[in-house]
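Please look through the briefing below with the model open beside you.

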Amino acid sequence: MTRQALWLRCEKKEFERRAALTPTTAKRLIDAGFDITVERDDQRIFNDSEYEAVGCKLVENNSWPQAPKDIPIIGLKELPESDEPLPHEHIQFAHCYKTQAGWSSVLARFYKGGGKLYDLEFLNDANGRRVAAFGYHAGFAGAAAGALALAAQKQGKTLGLLEPYVNEDAMIASVKESLGGSGKGVKALVIGALGRCGRGAVDLFRRIGLDEDDILKWDMAETAKGGPFQEILDVDIFVNCIYLTSPIPHFVTHEQIRAAGKSRPLSVVVDVSCDTTNPNNPIPIYNVNTTFSKPTVPAEVGEGNPPLSVISIDHLPTLLPREASEQFSSDLLPSLLEFPDRASARVWTDAEKLFREKLAEAAKVEGLVLSYIVVSGKENWFGDNDSAETKSKSHGTDGYDGSREEDVERAAWHNCGTPDDRTVLSSVGHWATTWRAGV
Ligand SMILES: NC(=O)c1ccc[n+]([C@@H]2O[C@H](COP(=O)([O-])OP(=O)(O)OC[C@H]3O[C@@H](n4cnc5c(N)ncnc54)[C@H](O)[C@@H]3O)[C@@H](O)[C@H]2O)c1
């Protein structure tokens with residue numbers, strides 16, 4: 001049996017020290033018949049030698065563009081901006097399925113290269129739940145940042161640069177020290193407490209010494225009465241961890257904060273959910289994402305009132321790169337073990353289907369030509385830029401060359417049935433036909 005190859009690329013995003021594969025998961029994959037190539041990367045929290053020790057092959061930093069086209073590339077975050085075509089299969093977070101800024105040009109790179117994207121954000125189990133997510137450590141780190149901001153504020157200071165911690169214990173020690181040895185006496189409210197981020201936030205508060213009664217844990221039941229909520233103003237730190245799916249009443253507002261005057265205990269808001277630019281953001285008291293170098297932004301509180309800091313960092317797990325990577329990668333492992341069967345394994349076929357849908361949307365926006373025909377019930381996709389060889393391959397063994405319009409038409413007619421099945425989407429340069437409906 002041939003071994004499945006997988007190539008762990010370096011991360012280029014600033015401050016990103018996490019990895020999609022850890023030495024632990026790489027070893028599990030190698031034991032299961034994978035060949036793992038790892039790019040050397042000083043930025044990564046795991047040393048190159050840790051991967052080498054478990055049998056990975058090390059290669060130069062950022063050398064994946066030269067990797068053989070049939071080796072899938074795994075990474076975490078977005079690739080640096082570029083127009084370069086992407087011919088490989090990529091497993092990563094690409095942040096281009098929700099019409100984020102630049103989404104269609106990212107997908108256009110896959111279109112031009114004939115590559116494929118399996119977006120980690122959309123790998124779901126049979127119940128529609130993410131197979132792997134970084135939520136727990138986002139909440140954990142967000143709550144820690146909130147406690148650090150509170151400590152700074154008590155000393156009349158503003159929280160400065162946040163840097164990744166070697167592990168959870170180091171983070172907890174640092175937060176406790178900043179609070180004078182313990183968080184005892186601090187009161188916190190976590191909304192979304194039953195979710196991944198929420199559980200992490202609650203655990204951090206416990207581990208820095210808050211009394212259990214001083215950690216208010218709210219989820220759907222508690223917010224059902226509808227905001228704004230006075231209870232938020234009555235704690236020192238409010239951490240929002242909800243997964244926002246529809247418009248809801250605001251949790252806290254400027255008017256409420258101003259009206260509370262000088263008697264407001266609330267000093268820090270941590271918006272882990274970070275629906276910053278979402279028109280339905282339930283915390284409309286800030287409008288920017290904060291960063292590790294400038295973690296807080298002051299909320300407008302009304303003249304003479306105590307300050308209120310907001311933290312809205314959208315990549316919090318980076319503060320705990322080792323544990324966050326271990327947890328994420330081990331949750332991803334069962335799906336990765338099915339990757340050699342990705343043509344039939346549901347988690348991967350669903351991800352590919354979604355990619356095809358998004359690619360088609362992007363192709364329209366970018367004015368690209370995208371076509372597929374169905375051979376033996378299977379969609380075969382190709383772009384206008386594909387070589388004759390690719391087109392020919394995508395037509396299976398039916399003997400159609402595919403490099404000429406009439407060949408593709410004949411193959412499509414042959415395989416797809418009636419002319420009614422055919423929908424002409426666009427015509428750029430020469431022919432361009434998409435087949436759908438009932439095929
Ligand atoms: N800032 C970061 O670095 C970072 C990292 C990871 C995730 N996130 C974000 O955090 C959010 C939560 O992610 P998660 O993985 O924990 O989701 P999750 O689905 O595991 O948990 C969300 C929780 O919110 C609760 N909830 C939803 N609507 C609510 C409401 N109106 N009132 C009260 N509770 C409500 C749900 O019942 C659930 O328990 C998402 O928006 C995610 O994108 C941010």
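Which residues of strand E10 (residues 268–271) lie on one side and which on the other, and are they buried or exposed? Val268 and Val270 are on one side of E10, Val269 and Asp271 are on the other, and all of them are buried, so that both faces of the strand are covered; a residue is buried if 20 or more other C-beta atoms lie within 10 Å of its own, exposed if 12 or fewer, and partly exposed in between, with the C-beta atoms placed from the backbone. In a regular strand the side chains alternate between the two faces of the sheet.

This is a predicted model, in which local features need pLDDT of at least 70 and side-chain atom pairs count only at pLDDT 80 or more, while totals for chains, interfaces and linings use all residues. Residues are numbered from 1 along each chain as its sequence is written.

**The chain as a whole**
- The chain has 13 helices and 16 strands, which are DSSP runs numbered from the N terminus (helices are H or I with at least four residues, strands are E with at least two).
- Of the 439 residues in the chain, 42% are buried.

**The sheet that contains E10**
- Six strands form an open sheet with mixed pairing, in the order E8-E7-E9-E10-E12-E11, where two strands pair if DSSP finds at least two bridges between them.
- The edge strands of this sheet, each pairing on one side only, are E8 (215–218) and E11 (297–298).
- Helix H4 packs on the sheet, where it touches E9, E10 and E12 (309–311), and its direction makes about 160 degrees with that of E10; contact requires C-beta atoms, placed from the backbone, within 7 Å, and angles run from 0 to 180 degrees between N-to-C directions, with axes fitted to C-alpha atoms, for helices over the stretch in contact.
- Strand E9 (residues 237–240) runs parallel to E10 and is joined to it by four bridges, with Phe238 standing opposite Val269 in E10.
- Strand E7 (residues 188–191) pairs with E8 in the parallel sense over four bridges, and the bridge partner of Val190 in E8 is Lys217.

**The other open sheet**
- A sheet of six strands, with parallel pairing, has the order E3-E2-E1-E4-E5-E6, and its edge strands are E3 (57–59) and E6 (116–119).
- Strands E1 (residues 4–8) and E4 (residues 73–74) run parallel and are joined by two bridges, and Leu8 stands opposite Ile74 in E4.
- Helix H1 (residues 23–31) lies across E1 and E2 (34–39), running at about 150 degrees to E2.

**The nonpolar core**
- The largest nonpolar core has 106 residues, and those touching the most other members are Ala144, Ala147, Ala188, Val190, Ala201, Ile237 and Val239; such a core is a set of buried Ala, Val, Leu, Ile, Met, Phe, Trp, Tyr and Cys residues joined through C-beta atoms within 7 Å.
- The largest share of this core, twelve residues, comes from H4.

**The surroundings of the ligand**
- Among the 26 residues around the ligand, Gly135, Ala138, Gly192, Gly195 and Cys197 come nearest, where a residue counts as near if its C-beta atom, placed from the backbone, lies within 6 Å.
- Helix H6 (196–207) is one of the elements that give two or more residues to this shell, and H6 provides the largest share, three residues.

Technical notes. Two residues are in contact if their C-beta atoms, placed from the backbone, lie within 7 Å.
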